[in-house]
Amino acid sequence: MLITKGKAEESAAAFMKNLYQTYARLMYATALRSVPSGQDCEDVVQDAVESLCRKVHTLMALPSPALTVYIVQTVKNKAGNFN
């Protein structure tokens with residue numbers, strides 16, 4: 001049996017892929033300001049991306065400036081929780 005994704009799931013996955021490609025440098029730079037090592041930075045960004053994935057439909061509705069702020073705040077919150 002072949003399992004296929006629905007159009008909404010495909011759209012959400014494509015959105016998240018594009019979001020990561022667009023904002024990865026910003027996320028890593030934000031995390032590096034808050035955590036001491038590169039491995040910790042990786043963990044913070046990974047946690048942030050997982051959190052953002054759970055909010056993909058909210059993110060898709062945000063305008064670009066608000067989306068950027070939302071992403072930065074998510075990374076800062078995950079970094080604060082990490083310490």
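Once its neighbours within four places in sequence are set aside, Thr-30 is in contact with Val-72, Val-75 and Lys-76, where contact means heavy atoms within 4.5 Å. Thr-30 belongs to helix H1. Its relative accessible area of 2% makes Thr-30 buried; buried means under 20% relative accessible area, exposed means over 50%, and partly exposed lies in between, with a 1.4 Å probe and protein chains only.

The model is a predicted one, in which local features need pLDDT of at least 70 and side-chain atom pairs count only at pLDDT 80 or more, while totals for chains, interfaces and linings use all residues. Residues are numbered from 1 along each chain as its sequence is written, and side-chain values use heavy atoms, with hydrogens and water left out.

The chain as a whole comes next. It holds 4 helices and 0 strands, which are DSSP runs numbered from the N terminus (helices: H or I, at least four residues; strands: E, at least two). Read from the N terminus, the order of elements is α-α-α-α. The C-alpha trace spans about 45 × 35 × 20 Å along its principal axes. The chain has 83 residues, of which 30% count as buried. Among contacts with a separation of 6 or more, 68% join residues 24 or more positions apart.

How are two packed helices described? The description consists of the angle between their axes and the distance between the axes. Here the axes are lines fitted to C-alpha atoms, for helices over the stretch in contact, and angles run from 0 to 180 degrees between N-to-C directions.

Helix H1 covers residues 7-32 and helix H2 covers residues 38-54; they pack at an angle of about 140°, and their axes are 10 Å apart. This angle makes H1 oblique to H2, since under 35 degrees counts as roughly parallel, over 145 as roughly antiparallel, 65 to 115 as roughly perpendicular, and the rest as oblique. H1 passes H2 in a right-handed crossing; a crossing is right-handed if the near helix is turned clockwise from the far one by less than a right angle, and left-handed if anticlockwise. On the H1 side the contact is made by Met-16, Leu-19, Tyr-20, Met-27, Tyr-28, Ala-31 and Leu-32, and on the H2 side by Cys-41, Glu-42, Val-44, Val-45, Val-49, Leu-52 and Cys-53. By class, these residues are 13 nonpolar, no polar and 1 charged. Ala, Val, Leu, Ile, Met, Phe, Trp, Tyr, Cys and Pro count as nonpolar, Asp, Glu, Lys and Arg as charged, and the others, Gly among them, as polar.

H1 also packs against H4, at an angle of about 55° and with the axes 10 Å apart. H1 and H4 are therefore oblique to each other, and their crossing is right-handed. Phe-15, Leu-19, Tyr-23, Leu-26, Met-27, Thr-30 and Ala-31 of H1 make this contact with Ser-64, Leu-67, Thr-68, Ile-71, Val-72, Val-75 and Lys-76 of H4. The classes here are 10 nonpolar, 3 polar and 1 charged.

The remaining pair to follow is H2 with H4. Their axes come within 9 Å and cross at roughly 125°. That makes H2 oblique to H4, and this crossing too is right-handed. In H2, Asp-40, Asp-43, Val-44, Asp-47, Ala-48, Ser-51 and Leu-52 meet Tyr-70, Ile-71, Thr-74, Val-75, Lys-78, Ala-79 and Phe-82 in H4. This contact has 8 nonpolar, 2 polar and 4 charged residues.

Which residues of H2 are buried? They are Asp-40, Cys-41, Val-44, Val-45, Ala-48, Val-49, Ser-51 and Leu-52. What covers them includes H1, helix H3 (56-61) and helix H4 (64-82). An α-helix has 3.6 residues a turn, so residues three or four places apart point the same way. H2 has 17 residues and reaches 25 Å from its first C-alpha to its last, close to the 24 Å expected at 1.5 Å a residue; the expected span is 1.5 Å times one less than the number of residues.

Ser-51 lies in H2 and is buried, with a relative accessible area of 17%. Apart from residues up to four places away in sequence, Ser-51 touches Thr-74 and Lys-78. The C-alpha atoms of Asp-43 and Phe-15, 28 residues apart along the chain, are separated by 22 Å.
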